[in-house]
Amino acid sequence: MDSKKLTKDKFGGFIDLLSKQKLYVPQMAGETLRFAPVDSKDEVNLVFSNTAVPPKSVLFPQTETLYEYEAGGTEMIIPEGPEEKVLLGVRPCDARALTIVDKLFSWDIDDPYYLKKREATTIIGLACQEPGINCFCTSVGGGPASTEGLDLLLTDLGEGYLLQPLTEKGEKLCQDAGELLVDAAGEDNQAADKVHQEAAEKIVRNINVDGIPQKLEDLWESPLWKKVSDACLGCGACTFLCPTCHCFDIQDEMEGFEGRRCRVWDSCMFKEYTLHTSGHNPRPTRRERTRNRVNHKYSYFVKNFGTIACVGCGRCINNCPVNIDILDILSQVVKEAL
Amino acid sequence: MNDNLNPYKPEIVTVEDTWFETQGDRAIKTLKVVFDDEEKRESWEHRPGQCAMIGVLGVGESMISISCSPTEGKFLRFSVMRAGKVTQALHELEPGDKMTVRGPYGNSFPVDDWKGKKILTIGGGIGQAPLRPIIEYVKANRGDYEDLTMIYGSRTSADLCFKKEFEAMRERDDVNIHLSIDIEEEGWPHYVGFVPSLLMEVNPSPENTIAVTCGPPVMINFVLQNLKKLNFADEQIYTTLENRMKCGFGKCGRCNVGNLYVCKDGPVFSYATLKAVPEAFA
């Protein structure tokens, strides 16, 4: 299907259409920008920069019930299937991240909780126009208008949006929108290309990832791991806010006679993550834990799935309380491996 | 997707029998359990070396080695050391109580490929639990294997698991048992010293032999060194890793050694494989 155009006076109508399903958009929750369901369409506002919490939190919630049971009982009730959702305003890097998480959750054994939500969700992207100071998507296979993982990509042209349908879900949405949309003209497409190109030019940080998996292997015992992790507080912000991080713990929780077994986000930066029953810990200090985080994203995931598990969104850099910078670590890796 | 395909949803089992292997703060208790669902009882298959996620609803789950061989019958055995919240709850279970089991997880010892060979197991402490199914499997198919030798040690004689079974095995002339304790005790008739030293004392020939070891990481490291001194090839040496796990099928992340997942690619690894993995012996 060819591109469409939505003029801004029709935006309200488009939101009405999307609101037929549960609609999630970036919203402030306290001081944190994150994807949340829309109660009133007046809340819909796409002027924000990228969210602090990635949209993975909708498909892989921070706490998720696996099943419920009653105290002393043996019957386990799995929560009802997910409702149809639309995520509007997803940045291309975060959508690419979902395609990376997809690989893990469908690896040999399907993860029904994630995959069912993924299937029931339509992802509408918004091309990035103001990349952040620590963005480096273009170094790891993405870009401000990358389409991987998206059903529909919106580009803000000022007086309206250019809509590029990318999947059947995206095409269906455009069909349902009917007269709200008009066919995009050649100049609209050109204008969008210009927006995309200008955004890409605003990205200042980069890394050459060629050969990084091998370099990491060669530098396993390098003193650099001690150096780059010395300042780490082990807070886990880098992993919790990472759009590709997917590790979790499973915990039981009782409230009165009602119990549930749930999964909760976990982080390889925590000591307890790998702690053995005996007290032995195969990753005893932040040196080993930092080394694992970087290796997992830039070596192990590449070996297992053929892609780097990092989309260059810059969140781990922006949110580290002690300014640990994965690009800085990677450039040291490149330099040392020479 | 129907609920039966939900890999997180466990089966309910009933505890049939329990007994203590060892006493003390970190006592080891064996739980013998059977599936409540008759169909599951029949269809369940596991191989020596696999683990299962066992748990108590309202408390949590722990990954535990299945410590029986499928040749022993339609039940499962788990030998659990009391160490934390979940294992404490498992220790409180008595016959008739219910618990949860899901699995089995991981690969297994390639016991059928080992037919015609001599089998040597080298265990330390609770590390004997995943080795026990090999011994039982070989005993049940005794004609298929050459010598069966078991080296097993713990800190004190009170810390040895499966003691009664060893006594019974001593009656047979086709199992060689070598026990050790770390510290001298009055009346102890066997070896005193660490397991890797007992291995050198036993001095097994590598010829047509498979050596399998499990125990504390430091013991495994020295056993591996000593097996190399005894001229065992990397391909003749197997171990089983028991990293912390939460899911059992490669999603939750934590059990990785390098790019391998212990729950999926292991827990059984040949030394030839592990040698190439950077943090395997961390």
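This is a predicted model: local features need pLDDT of at least 70, side-chain atom pairs count only at pLDDT 80 or more; totals for chains, interfaces and linings use all residues.
**Exercise 1. The two domains of chain B**

*Solution.* 
Step 1. The bounds are read from the domain assignment, which places domain 1 of chain B at 3-105 and domain 2 of chain B at 118-240.
Step 2. To the contact, domain 1 of chain B gives 15 residues and domain 2 of chain B gives 14 residues.
Step 3. On the side of domain 1 of chain B that touches domain 2 of chain B, β1 (11-22) and β5 (76-81) of chain B each supply at least two residues.
Step 4. By class, the residues of this side of domain 1 of chain B are five nonpolar, eight polar and two charged.

**Exercise 2. A pair of helices in chain B**

Decide whether helix α5 and helix α6 of chain B are roughly parallel or roughly antiparallel, and state which residues meet.

*Solution.* 
Step 1. Helix α5 of chain B covers residues 195-202, and helix α6 of chain B covers residues 217-229; their axes come within 8 Å and cross at roughly 25°.
Step 2. Angles under 35 degrees count as roughly parallel, and therefore α5(B) is roughly parallel to α6(B).
Step 3. The crossing in which α5(B) passes α6(B) is right-handed.
Step 4. From α5(B), the residues V195(B), P196(B), L199(B) and M200(B) take part; they meet M219(B), F222(B), V223(B) and N226(B) of α6(B).
Step 5. Sorted by class, the residues of this contact of α5(B) with α6(B) are seven nonpolar, one polar and no charged.

**Exercise 3. The two domains of chain A**

Describe how domain 1 of chain A and domain 2 of chain A are placed and what each gives to their contact.

*Solution.* 
Step 1. Chain A is divided into domain 1 (4-201) and domain 2 (212-337).
Step 2. The centres of these two domains of chain A, taken over C-alpha atoms, are separated by 26 Å.
Step 3. Domain 1 of chain A contributes 33 residues to the contact, and domain 2 of chain A contributes 26 residues.
Step 4. On the side of domain 1 of chain A that touches domain 2 of chain A, the elements giving two or more residues are β4 and α3 of chain A.
Step 5. This side of domain 1 of chain A has 17 nonpolar, nine polar and seven charged residues.

**Exercise 4. Chain A against chain B**

State how many residues of each chain are in contact, and which element supplies the largest share of the side of chain A that touches chain B.

*Solution.* 
Step 1. The contact joins 38 residues of chain A with 34 residues of chain B.
Step 2. Elements of chain A that each supply at least two residues of the side touching chain B are β4 (63-70), α3 (92-105), α4 (112-119), β10 (248-255) and α10 (286-305).
Step 3. The largest share of this side of chain A, six residues, belongs to β10(A).
Step 4. The side of chain A that touches chain B comprises 21 nonpolar, ten polar and seven charged residues.

**Exercise 5. Overall dimensions**

Why does chain A count as being as compact as a globular protein of its length?

*Solution.* 
Step 1. Chain A has twelve helices and eleven strands.
Step 2. For 338 residues the globule rule gives 20 Å; the radius of gyration of chain A is 21 Å, close to that value, so chain A is as compact as a globular protein of that length.
Step 3. The C-alpha atoms of chain A fill a box of roughly 65 × 60 × 40 Å along the principal axes.

Definitions and conventions: Residues are numbered from 1 along each chain as its sequence is written. Chains are lettered from A and ligands numbered from 1 in the order in which they are written. Two residues are in contact if their C-beta atoms, placed from the backbone, lie within 7 Å. Helices (H or I, at least four residues) and strands (E, at least two) are DSSP runs, numbered from the N terminus. Ala, Val, Leu, Ile, Met, Phe, Trp, Tyr, Cys and Pro count as nonpolar, Asp, Glu, Lys and Arg as charged, and the others, Gly among them, as polar. Domain bounds come from an automatic or database domain assignment. Axes are lines fitted to C-alpha atoms, for helices over the stretch in contact, and angles run from 0 to 180 degrees between N-to-C directions. Angles under 35 degrees count as roughly parallel, over 145 as roughly antiparallel, 65 to 115 as roughly perpendicular and the rest as oblique. A crossing is left-handed if the near helix is turned anticlockwise from the far one by less than a right angle, and right-handed if clockwise. The radius of gyration is taken over C-alpha atoms; the globule rule is 2.2 Å times the number of residues to the power 0.38.
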